[in-house]
Amino acid sequence: MKTILLIEDNADIRENTAEILELAGYRLLTAENGKIGVELALADRPDLIICDIMMPVLDGYGVLHIVNKNPDLNGIPFIFLTAKSERIDFRKGMELGADDYLTKPFDDTELLSAVEGRLNRFSKLKAEDYNLKQDGLVQFLEDVRSTGGGGLQSLSVDRKTHHVPKKQFIYTEGDEPTRLYFLKSGRIKTTRTNNDGKELVTGLYGAGEFFGDLALLEEKNYTDSALTLDDSELVYIPKEDFRQLLTTQPEVSRQFVRMLAGRVNEKEDQLLGMAYSSLRRRVADALLRLQEPLPNGEPAAPIQISRDDLAAVIGTATESLIRTLSEFKHDGLIEITGAGIRVVQPDKLRRANW
């Protein structure tokens, strides 16, 4: 049974509205002002809040502000009650994040339709149904926005695809982060530079991956630079929308934690390999990681990465890398053409005890 919190200072409206909703099968919590309503919501989290705007002690705007800021309440669908003479007040409420409104006086059908519409839309919107490795978060944001719910109906997500030419910086060390980046196509490398001007490749990203998230989560300036390796297509997600989404959708937060944990494990494996594995093993592991098979089982496209960048990822000199690649080619494990490097015997390359 869904629980609805009704906050209304007019006793007659409060009692009549509560009676209609209870007859429709909902469990009701009622409050005569915003302060009591917030206390009830904190003690017994409702599935939906219906709240009058003009009330004593704490008005509807105050209630909505607390709901949006409190992590225990954020994400609850919110419907404002407003009189016809309060159109300006209603618009202000919607801009603050309310999901819907009812103009008093309203009839039973209007009330039940609004309530059912909010609850049904939110019951279908589950973050765990979206895959962050694909176009998942972007689609999730679009679906959240289309429902007009969860305080996210004002999302300013720029879902326009931005075409960025090859060898262009997306951001540089020291820049303030303003957005999360989703890579629809192309490749991105992130690098850090030491005091001597030497460059270290800290990450390589392909289609379907996010980057730039760590600086947003740490709330610090970028500690690396991001550069396109190919002509790329990017989607920008403003940082405030990203943070709000993480606050209101716990499953999205968990997915990003898992994604970051996976990156940490990958970095640890890379450091372990650089410390103890042979050069041939490190080169083999890097090639296998860069040439992942496509989802449909078809062979991946050739690896198109400069020898300098590949050497930086592996942690070796470019000359040593070139010599090892030549050995792999001679053994028939890889092909090297103008299009790039292709692993032709991945199982043998993977099982080899270098």
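A salt bridge is counted where a side-chain nitrogen of Lys or Arg lies within 4 Å of a carboxyl oxygen of Asp or Glu. By this rule, 11 salt bridges are found. The model is predicted, so local features need pLDDT of at least 70, side-chain atom pairs count only at pLDDT 80 or more, and totals for chains, interfaces and linings use all residues. Residues are numbered from 1 along each chain as its sequence is written, and side-chain values use heavy atoms, with hydrogens and water left out.

Side chains of opposite charge can pair when their charged atoms come close. One of the pairs joins D52 and K104, with the closest N and O atoms 3.1 Å apart. This pair links distant parts of the chain. D52 lies in strand β3 (residues 48-52) and K104 in strand β5 (residues 100-104), 52 residues apart. Strands (E, at least two residues) and helices (H or I, at least four) are DSSP runs, numbered from the N terminus. Accessibility is classed as buried (under 20% relative accessible area), exposed (over 50%) or partly exposed (in between), with a 1.4 Å probe and protein chains only. D52 is buried, at 3% relative accessibility. K104 is also buried, at 17%. E8 joins D52 and K104 in a network of salt bridges.

Two further pairs lie within helices. In helix α10 (residues 279-290), R281 and D285 are four residues apart, so about one helical turn separates them. Their side chains form a salt bridge at 3.2 Å, N to O. R281 is buried, with a relative accessible area of 14%. D285 is partly exposed, at 34% relative accessibility. In helix α13 (residues 346-351), D347 and R350 are three residues apart, about one turn of the helix. The closest N and O atoms of this salt bridge between D347 and R350 are 3.2 Å apart. D347 is partly exposed, with a relative accessible area of 45%. R350 is partly exposed as well, at 48%.

Helix α1 was examined along its length and around its axis. The helix spans residues 11-23, 13 residues in total. From first C-alpha to last, α1 reaches 18 Å, close to the 18 Å expected at 1.5 Å a residue. The expected span is 1.5 Å times one less than the number of residues. The buried residues of α1 are R14, T17, A18 and L21. These residues lie on the same side of α1 because they cover an arc of only 100° around the axis. The arc is that of the directions from the helix axis to the C-beta atoms. On the other side of α1, D12, E15 and L23 are exposed.

Both ends of α1 show local features. At the start, a side-chain oxygen of N10 reaches to within 3.0 Å of the backbone nitrogen of D12. After the helix comes G25, whose phi is positive, near 100°.

K329 lies in helix α12 (residues 318-330). This lysine is partly exposed, with a relative accessible area of 44%. K329 touches I334 and I336, residues up to four places away in sequence not being counted. Contact here means heavy atoms within 4.5 Å. I341 is 12 residues from K329 along the chain. The C-alpha atoms of K329 and I341 are separated by 9.6 Å.

Key: Polar contact = N/O pair within 3.5 Å; in protein donor to acceptor, adjacent residues only side chain to side chain.
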